[in-house]
Amino acid sequence: MSDLLLKNINQYVNLSEEDLTQFIKPFELKAFKKKEVVLKEGEYCLFEGFVLSGCFKIYYLNENGFEQTLYFAVEGWWITDIDSLINNVPSILNIEALEDSEVLMISKKDKEDLYETMPQIEKLFRIMNQKSSVALQRRILSLTGKTADKRYLEFLEKYPGLEQRITQQQVASYLGITHEFLSKIRKKISLEK
């Protein structure tokens with residue numbers, strides 16, 4: 001059992017040792033190589049994954065064919081396409097490993113079985129989904145109401161150290177700007193320090 005997953009769970013609910021053992025039983029450890037696609041647009045998402053190591057980008061292709069990164073998932077984050085998972089519709093998202101990574105994966109069916117046998121697990125995922133909704137709302141407000149400079153500073157705060165692990169193109173995709181404009185922002189900010 002990963003201490004990282006235990007720490008994540010314990011933020012939201014307290015489980016006995018017996019319950020923790022029952023909770024982790026259906027999870028499967030999977031390794032992904034850099035650039036390996038975990039979920040491709042058009043596929044059905046049948047899993048949730050907890051990132052133990054590595055980094056993923058969760059993105060879609062906009063109507064012009066450009067990547068728009070919704071979020072990055074690093075150690076301690078979860079990966080899924082919640083719309084596809086819950087509504088059983090084809091995914092519009094892609095999930096790709098940006099580094100060699102390890103993920104604890106749980107299927108939709110196994111998660112729902114846990115809900116039936118362990119009510120506190122339903123509470124755990126309800127709380128996590130609420131926090132995810134808040135984060136998504138904040139992301140939308142940032143994209144629609146803040147300058148690119150402020151979005152970049154928020155990115156640095158939200159993902160400390162990530163900028164050294166990914167390309168500037170990937171950062172720009174997250175910010176919704178070109179990498180040339182990102183270079184100008186980075187230069188401006190460095191001059192202001």
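A nonpolar core is a set of buried Ala, Val, Leu, Ile, Met, Phe, Trp, Tyr and Cys residues joined through side-chain atoms within 4.5 Å. Buried means under 20% relative accessible area, exposed over 50%, and partly exposed in between (1.4 Å probe, protein chains only). This is a predicted model, where local features need pLDDT of at least 70, side-chain atom pairs count only at pLDDT 80 or more, and totals for chains, interfaces and linings use all residues. Residues are numbered from 1 along each chain as its sequence is written, and side-chain values use heavy atoms, with hydrogens and water left out.

Start with the cores. The largest nonpolar core holds 34 residues. Phe56, Ile79 and Phe155 have the most contacts inside it. A second, separate core has 20 residues, including Leu5, Phe23, Leu124 and Met128.

Next, the sheet. Helices (H or I, at least four residues) and strands (E, at least two) are DSSP runs, numbered from the N terminus. Two strands pair if DSSP finds at least two bridges between them. Four strands make an open, antiparallel sheet in the order S2-S7-S4-S5. Strands S2 (37-39) and S5 (67-74) stand at the edges with a single partner strand each, so one side of each lacks a neighbour in the sheet. Strand S4 (residues 55-61) pairs with strand S7 (residues 94-97) over four bridges, in the antiparallel sense. Tyrosine 59 stands opposite asparagine 94 in S7.

Now helix H6 (residues 148-158). Its buried residues include Ala148, Asp149, Arg151, Tyr152 and Phe155. They lie on the same side of H6, because they cover an arc of only 165 degrees around the axis (the arc of the directions from the helix axis to the C-beta atoms). Lys150 and Glu157 are exposed on the other side. The buried residues of H6 pack against S5, helix H5 (119-145), H7 and helix H8 (179-192). Contact means heavy atoms within 4.5 Å. Leaving out residues up to four places away in sequence, Phe155 touches Phe72, Leu162, Glu163, Ile166, Val171, Tyr174 and Leu175.

Glutamine 170 belongs to helix H7 (residues 168-175). At 14% relative accessibility, glutamine 170 counts as buried. Beyond its neighbours within four places in sequence, glutamine 170 contacts Lys57, Thr69, Phe72 and Leu98.

Finish at H8. Leu182, Ile185 and Ile189 are buried there. Their arc around the axis is only 60 degrees, which puts them on the same side of H8. The face turned away from that buried side carries exposed Lys184, Lys187 and Leu191. The buried residues of H8 pack against H6 and H7.
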